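The points are numbered and may be read beside the model.

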Amino acid sequence: MKTLMTTLTGLALFTATATATTTASADEIVIGGKNFTEQQLLASMTTQYLDGLGYDVDTRAGMGSAVLRQAQENGQIDLYWEYTGTSLINYNDITESLSADETYQRVKELDGEKGLVWLEPSAANNTYALAMRAESVKETGISTLSDLASAVNDGEELAFAMNAEFYAREDGWRPLQRAYDFRVERGAVKRMDSGLVYQALRDGQVDIGLVFATDGRVPAFDFQILEDDQGFFPAYALTPVVRQDTLDANPELAEQMNALSALLDDDTMASLNARVDVERETIEDVAESFLEDNELL
């Protein structure tokens, strides 16, 4: 069973190839991954899957998002899993509101011009979301963001928790309030590390917390995500992205990765993430058992 290689820092990664770019040969695939559980799982899963298919695989996981993307554009990374909304907003500076399919088609086109191919998107959408404890949803009747807005506008006092990034983002907290036509007083919002949001919500320190839709702690802590009934949050469909020249050198790779992508949805990713973050299984073991259960290993 393979284990993930020690991550190269962004500085070291770029310094090593500052004067030249490289692409994988037909017998090597360089797989990348970001520095959180879901991405580490996907990097391990992809490594073990492609290794089992006979590829020579080199894995560089635990990288920052911008560093990883630049590494792929430079040819240092051949394949990793990206989120459609991340590419749309962060890498292509598109801020208009688009449907999930429109988002995928737009990033597929724009990144295709850079030599990056978006394969088939999975059904896993790791978007931002607001969540409440399931028992609170039953007590208050709040199950959508429109319900939440109405409750706030009717004077219900609710405490919120979110990370500082979302609070300040141009597509974050303030625009969300404008979109749903409500306003929360500044003192009712606690800003904290993303991981602490889950704990604060679980322990009843706040009523509503900012979460990620496929985070394993959502089902594990019995949270209920409030439906984004006006479609404020962009789609973040989890999708394998590979360099065109890597596909040219490995013509079966697209079909093989699409088969893996087809197995992933919100519930699956949340369950896998929970096995790591809540049940404390190793990333490699969780990835291996998923592949074995689906007869891909």
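1. Thr-144 touches Leu-226, Glu-227 and Asp-229, leaving aside residues up to four places away in sequence; contact here means heavy atoms within 4.5 Å. Thr-144 is found in the loop between helix 6 (134–140) and helix 7 (145–153). Helices (H or I, at least four residues) and strands (E, at least two) are DSSP runs, numbered from the N terminus.

2. The model is predicted: local features need pLDDT of at least 70, side-chain atom pairs count only at pLDDT 80 or more, and totals for chains, interfaces and linings use all residues. Residues are numbered from 1 along each chain as its sequence is written, and side-chain values use heavy atoms, with hydrogens and water left out.

3. Why does Thr-144 count as buried? Its relative accessibility is 12%, and buried means under 20% relative accessible area, exposed over 50%, and partly exposed in between (1.4 Å probe, protein chains only). A polar atom of the Thr-144 side chain lies 3.0 Å from the backbone nitrogen of Asp-147.

4. Strand 1 (residues 29–34) and strand 2 run parallel and are joined by 5 bridges; two strands pair if DSSP finds at least two bridges between them. Gly-32 stands opposite Arg-60 in strand 2. Of the 7 residues of strand 2 (residues 57–63), 6 are buried.

5. Together with helix 2 (residues 37–52), strand 1 and strand 2 make a right-handed β-α-β unit. Right-handed means that, with the strands pointing away from the viewer, the path from the first strand over the helix to the second runs clockwise.

6. Which residues of helix 10 (residues 194–202) are buried? They are Gly-195, Val-197, Tyr-198, Ala-200 and Leu-201. These buried residues pack against strand 5 (128–133), strand 6 (160–162), strand 8 (208–212), helix 11 (217–220) and strand 9 (223–225). At the start of helix 10, a side-chain oxygen of Asp-193 reaches to within 3.0 Å of the backbone nitrogen of Gly-195. Just after helix 10, Gly-204 takes a positive phi of about 80°.

7. Asn-163, Ser-194, Val-197, Tyr-198, Leu-210, Val-211 and Phe-212 line the largest cavity. Helix 10 and strand 8 are the elements that give two or more residues to this lining. A cavity is a set of points, on a 1 Å grid over the protein atoms alone, where a 1.4 Å probe fits but cannot get out; lining residues have an atom within 4 Å of a point.

Methods. A polar contact is a pair of N or O atoms within 3.5 Å; within protein, one must be able to donate a hydrogen and the other to accept it, and residues adjacent in sequence count only if both atoms are side-chain atoms. On a 1 Å grid over the protein atoms alone, a cavity is a set of points where a 1.4 Å probe fits but cannot get out, and a pocket is an open set with protein on both sides within 12 Å along at least five of seven lines; lining residues have an atom within 4 Å of a point.
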